[in-house]
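User: Hey, could you walk me through the cavities and the ligand site in this one?
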Amino acid sequence: MINDILQQLHITAANSGVSTGTIWLDAKGPVIQASSPVDGQDIATVTAATRADYDQVIETAQAAFKEWRLWPAPRRGEVVRQIGEALRTNKEALGKLVSYEMGKSLQEGYGEVQEMIDICDFAVGLSRQLHGLTMHSERPGHRMYEQWHPLGITGIISAFNFPVAVWSWNAMLAWICGDVCVWKPSEKTPLSAIACQQIIQDVLRSNKVPEGVCCLVTGGRETGEWMAADTRVPLVSATGSTRMGKAVSSVVGARLGRALLELGGNNAIIITADADLDMALIGCVFGAVGTAGQRCTSTRRLIIHESVYASFTQKLVKAYQQLRIGNPLDENNHVGPLIDKDAVNLYLDSIEKIKAQGGSFLVEGGVLSGDAYASGCYVKPCIAAVENTYAIVQHETFAPILYVMKYNNLDEAIAMQNDVPQGLSSAIMTLNLREAELFLSQAGSDCGIANVNIGTSGAEIGGAFGGEKETGGGRESGSDAWKSYMRRQTNTINYSTSLPLAQGIKFDLA
Ligand code: NAD
């Protein structure tokens, strides 16, 4: 089955990982072996970029920008519309590849491609709405307004857990804004990136899009470091761990470039005494075990009112007993594998730390063995009773470990929810209007995303996506996130017959 998909997506046994749009470079960098956490099989190889390959791509992108920025935005939008169509045609194949290469469930693989299609639709409409404001000038016979211009090259560094969607959130907006993109995908999921490049090639060709508008440079951390330090890249949009974000932001900041950071989360759901517990259960379990706990928005902490703690944790344990773990391409399974053995070791290490710091397990974890789990990457989702202050609870473990803790009053629960270094997503489950509004107020959640009666994961592309504190402060996707990809210019036009200065300053030459 996977061979048919690879063929359909034009992925061969050995692939160049470097492209300027429709041209694949004869890359000379290290060879990355792409394999699947589903069954441990090697899938194909990808040759990464050398520094010289990278420089060639950047130079091509710089030249392309000079032309692309002059295309009317709606015409750029038309290219993005056609990319959306190409993604629709290839949704099934790309969704399956994402599922096989990354290990997320097939439904989530399709969902990821649907998110790409959705952002294309959003960007098409936006291509006719990149509007600025007009202001009243204090000087007579003057007009003042602001407009938005493209920035240049947007460098996109993406994480393994959303191998394709995060690129599209950035690229589709950047393109309609008039920027060109250079994408450095995760070295753990390079084939999904190559597939995207293949899917859109015909659209680039038939629309005569300048070579260099849509570039790919596969590589590891070092390639990302080149991009962060490169003054030819005015905007670096980096998605990944907080450790990576701190490194990128200090390098980009030192050259006074712009960094758009989408980093780790440590997301909590507060379950109040007034919650609909059956509804809350679905949100909590999907949030905690979906993508095997490898979403930035995965639910990691449940803060439960003491009056419903026993009944709700009982429901949780029962739900966990019903989870089917296995091949994510089999739609009967709820939970797939972790990305690799390093992730399994981090999961095991966290379990040890939970025990050492005083936590106890309501549902035990462990690594699954046997033929069905031959890759060695399948682990059991587990639940631990902890205190919010434990060092391990303050840290984002990228695995299906769910922490439960009790609270007594809502102020205390909100303080616990906020008392972690990260600030991405949060939720409250309650049917009580006062509780919901307090949670959403300025005294409530300090996260970039705050939901009521919805879990922490599963954002729609229409809203701005991102978070505060160690999550990095960036916003991508919907709302006015497009402004991150443009530079603002204020223009004042004098159509009078004199030259009055602002603030009434007098400057006479005679
Ligand atoms: P990671 O930080 O290990 O790698 C992410 C990307 O950064 C990769 O492409 C990697 O090659 C590159 N990179 C690593 N170090 C770098 C450096 N010093 N300079 C430049 N580039 C560097 O993350 P991961 O394991 O792939 O992904 C998981 C993490 O991503 C989690 O923390 C998760 O919460 C986060 N994430 C956040 C969001 C969000 O929108 N907030 C979305 C998805 C994932």
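Analyst: On a 1 Å grid over the protein atoms alone, a cavity is a set of points where a 1.4 Å probe fits but cannot get out, and lining residues have an atom within 4 Å of a point. Grid points are joined across faces, edges and corners, and a volume is the space filled by probe spheres set on the points. The largest cavity has a volume of about 40 Å³. This is a predicted model, where local features need pLDDT of at least 70, side-chain atom pairs count only at pLDDT 80 or more, and totals for chains, interfaces and linings use all residues. Residues are numbered from 1 along each chain as its sequence is written, and side-chain values use heavy atoms, leaving out hydrogens and water.

User: What lines the largest cavity?
Analyst: Its lining includes Thr 20, Leu 204, Glu 211 and Cys 214.

User: And where does the second largest cavity lie?
Analyst: Domain 1 (2-33 + 45-263 + 472-489) and domain 2 (267-462) both contribute lining residues, so that cavity lies between them (bounds from an automatic or database domain assignment). Trp 169 and Phe 465 are among the residues lining it, and it holds about 30 Å³ of space.

User: Which backbone atoms sit by a ligand oxygen?
Analyst: One is a backbone N or O atom of Ser 158, 2.8 Å from a ligand oxygen. For Phe 160, a backbone N or O atom is 3.2 Å from a ligand oxygen.

Note on methods:
Polar contact = N/O pair within 3.5 Å; in protein donor to acceptor, adjacent residues only side chain to side chain. 1 Å grid on protein atoms, 1.4 Å probe; cavity = no way out; pocket = protein on both sides within 12 Å on 5 of 7 lines; lining within 4 Å.
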